[in-house]
Amino acid sequence: MKRIGLLITVLVLALPVVAPAALDCSRAKTNAEKLLCSNPRLAEADERLAFAFRGAVRRGADPEQLMQTQRAWIRDVRDVCNEAECMLRAYEVRISDLDNR
């Protein structure tokens, strides 16, 4: 189990900070993906989120738990937004949460 956590930590730290590269906008299907690809403010928030996530890992947060909470946040918070302002608020709350870990 510790090896998996270490592997996740190494992988997370090796990821680039710029998150839009992780989302192939030519394949955007969901409303959330389309919003992210079409709104520069959301793209910037997504980059800040990636930076906050990596910072939480560097400060010692459990990477496996962070990945679980990140997936839940994407599914239950971010992806339920139907407009950019809702999604921006969701990002700000998640970034704040990660910054405090």
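Some ground rules before the details. The model is predicted, so local features are taken only at pLDDT of at least 70 and side-chain atom pairs only at pLDDT 80 or more, while totals for chains, interfaces and linings use all residues. Residues are numbered from 1 along each chain as its sequence is written, and side-chain values use heavy atoms, with hydrogens and water left out.

I'll start with the disulfides. A disulfide here is a pair of cysteine sulfur atoms within 2.5 Å. How many does a search of the whole structure find? It finds 2. In sequence order of the bonded cysteines, the pairing reads 1-2, 3-4.

One of them joins Cys25 and Cys37, with the sulfur atoms 2.0 Å apart. Cys25 sits in the loop between helix H1 (2-14) and H2, Cys37 sits in helix H2, and the two are 12 residues apart. Helices, for the record, are DSSP runs of H or I with at least four residues, strands are runs of E with at least two, and both are numbered from the N terminus. The link of Cys25 and Cys37 has -90° about the S-S bond and is left-handed. On accessibility, the classes are buried for under 20% relative accessible area, exposed for over 50%, and partly exposed in between, using a 1.4 Å probe and protein chains only. By that scale Cys25 is partly exposed at 40%, and Cys37 is partly exposed at 29%.

The other disulfide is between Cys81 and Cys86, S to S 2.2 Å. Its torsion about the S-S bond is about -60°, so this disulfide is left-handed. Cys81 is buried, at 1% relative accessibility, whereas Cys86 is partly exposed, at 22%.

Next, helix H2, residues 31-38. Which residues of H2 are buried? They are Ala32, Leu35 and Leu36. These cover an arc of only 100° around the axis, so they lie on the same side of H2; the arc is taken from the directions from the helix axis to the C-beta atoms. As background, an α-helix has 3.6 residues a turn, so residues three or four places apart point the same way. The buried residues of H2 pack against H3 and H5, where contact means heavy atoms within 4.5 Å.

That brings us to the core. A nonpolar core is a set of buried Ala, Val, Leu, Ile, Met, Phe, Trp, Tyr and Cys residues joined through side-chain atoms within 4.5 Å. The largest one has 21 residues, and Leu42, Leu49, Leu66, Met87, Tyr91 and Leu98 touch the most other members. H2, H3, helix H4 (63-76) and H5 each supply at least two residues of this core. Take Met87 as an example: leaving aside neighbours within four places in sequence, Met87 is in contact with Ala32, Leu35, Leu36, Leu42, Arg78 and Cys81.

Asn82 is in the loop between H4 and H5 and is exposed, at 63% relative accessibility. Not counting residues up to four places away in sequence, Asn82 touches Asn31 and Leu35. Asn82 and Ala32 are 50 residues apart in sequence, yet their C-alpha atoms are 7.3 Å apart.

Last, the charged pairs. A salt bridge is a side-chain nitrogen of Lys or Arg within 4 Å of a carboxyl oxygen of Asp or Glu, and the structure holds 9 of them.

Which residue of helix H3 meets Glu92? Arg48 does, at 2.3 Å, N to O. Glu92 lies in helix H5 (residues 84-99) and Arg48 in helix H3 (residues 40-58), so the pair ties together parts that are 44 residues apart in sequence. Both ends are partly exposed, Glu92 at 37% and Arg48 at 30%. The pair belongs to a network of salt bridges that links Glu44, Arg48 and Glu92.

Two more pairs. Asp76 and Arg75 form a salt bridge with the closest N and O atoms 2.9 Å apart; Asp76 is partly exposed at 45%, and Arg75 is exposed at 52%. Arg89 and Glu83 meet at 3.9 Å, N to O, with Glu83 partly exposed at 35%.

That's what I have; questions are welcome.
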